[in-house]
Amino acid sequence: MSTRPAPPREGPSPPAPTAGLPPPAERGATVIPDRVVARIAVQAARAAQSRRAAVPPDRGGPVAPHASAAVRTGSVRLHLTMDLPYPTDIPRVCERIQQDVAERVAQLTGLRVGEVLLTVRRLVTADAPRGRVR
């Protein structure tokens, strides 16, 4: 009796059987604490702020973004607070930052981002000394 090799399959190969482990659906879930998601959101907001809003550097640079997160059943709501440059198209820049942060947080955590609320803490001008609000 002779056998021929099977034709190559497209796509990923099936996972190798795991001896003694329950099915994946019964193994549990990964829980990411709110504070960890908030830290990820801060890093994503900082990157989006520099890419989308080019806040001018003043003594010490802009105040770092702040974030809080509420994780519930596989989704997260984020609240960001950050500085933006003046003048700028605030609605457009805010929308792009919200999209960037939502995509990055979803990518890194696997959570669905339901909402990103963005509060502009202050508008920063190139000639404004630190702490001065315009």
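**How many of the 134 residues in the protein chain are buried, as a percentage?** Buried residues make up 32% of the chain. Buried means under 20% relative accessible area, exposed means over 50%, and partly exposed lies in between (1.4 Å probe, protein chains only). This is a predicted model: local features need pLDDT of at least 70, side-chain atom pairs count only at pLDDT 80 or more, and totals for chains, interfaces and linings use all residues. Residues are numbered from 1 along each chain as its sequence is written, and side-chain values use heavy atoms, with hydrogens and water left out.

**View 1. The whole protein chain.** The chain has two helices and three strands. Read from the N terminus, the elements run α-β-β-α-β. Helices (H or I, at least four residues) and strands (E, at least two) are DSSP runs, numbered from the N terminus. The chain exposes about 9300 Å², and carbon and sulfur atoms supply 55% of that area. Accessible areas come from the Shrake-Rupley method with a 1.4 Å probe; for residues, only the protein chains shown count as cover. Take the contacts with a separation of 6 or more: residues 24 or more positions apart account for 71% of them. Contact means heavy atoms within 4.5 Å.

**View 2. Helix H1 against helix H2.** Two packed helices are described by the angle between their axes and the distance between the axes. H1 spans residues 34–53 and H2 spans residues 90–109. They pack at an angle of about 140°, with axes 8 Å apart. Axes are lines fitted to C-alpha atoms, for helices over the stretch in contact, and angles run from 0 to 180 degrees between N-to-C directions. H1 and H2 are therefore oblique to each other. Angles under 35 degrees count as roughly parallel, over 145 as roughly antiparallel, 65 to 115 as roughly perpendicular, and the rest as oblique. Residues of H1 in the contact include Val37, Ile40 and Ala41; among those they meet in H2 are Val93, Arg96 and Ile97. By class, the contact has 12 nonpolar, two polar and five charged residues. Ala, Val, Leu, Ile, Met, Phe, Trp, Tyr, Cys and Pro count as nonpolar, Asp, Glu, Lys and Arg as charged, and the others, Gly among them, as polar.

**View 3. Arg35 in helix H1.** Arg35 is found in H1. At 58% relative accessibility, Arg35 counts as exposed. Arg35 and Ala69 are 34 residues apart along the chain, and their C-alpha atoms are separated by 6.8 Å.

**View 4. Thr73 in the loop between E1 and E2.** Strand E1 covers 66–72, and Thr73 sits in the loop between E1 and E2. Thr73 is not a glycine, yet its phi is positive, about 40°. Thr73 is exposed, with a relative accessible area of 84%. Arg112 is 39 residues from Thr73 in sequence and 9.5 Å away in space, C-alpha to C-alpha.

**View 5. Val76 in strand E2.** Val76 lies in E2. With a relative accessible area of 1%, Val76 is buried. Leaving aside neighbours within four places in sequence, its contacts include Val37, Ala69, Val105 and Leu111. Ala38 is 38 residues from Val76 in sequence and 9.9 Å away in space, C-alpha to C-alpha.

**View 6. The cis peptide bond at Pro87.** A cis peptide bond joins Tyr86 and Pro87, with omega about 0°. Pro87 is in the loop between strand E2 (75–85) and H2.
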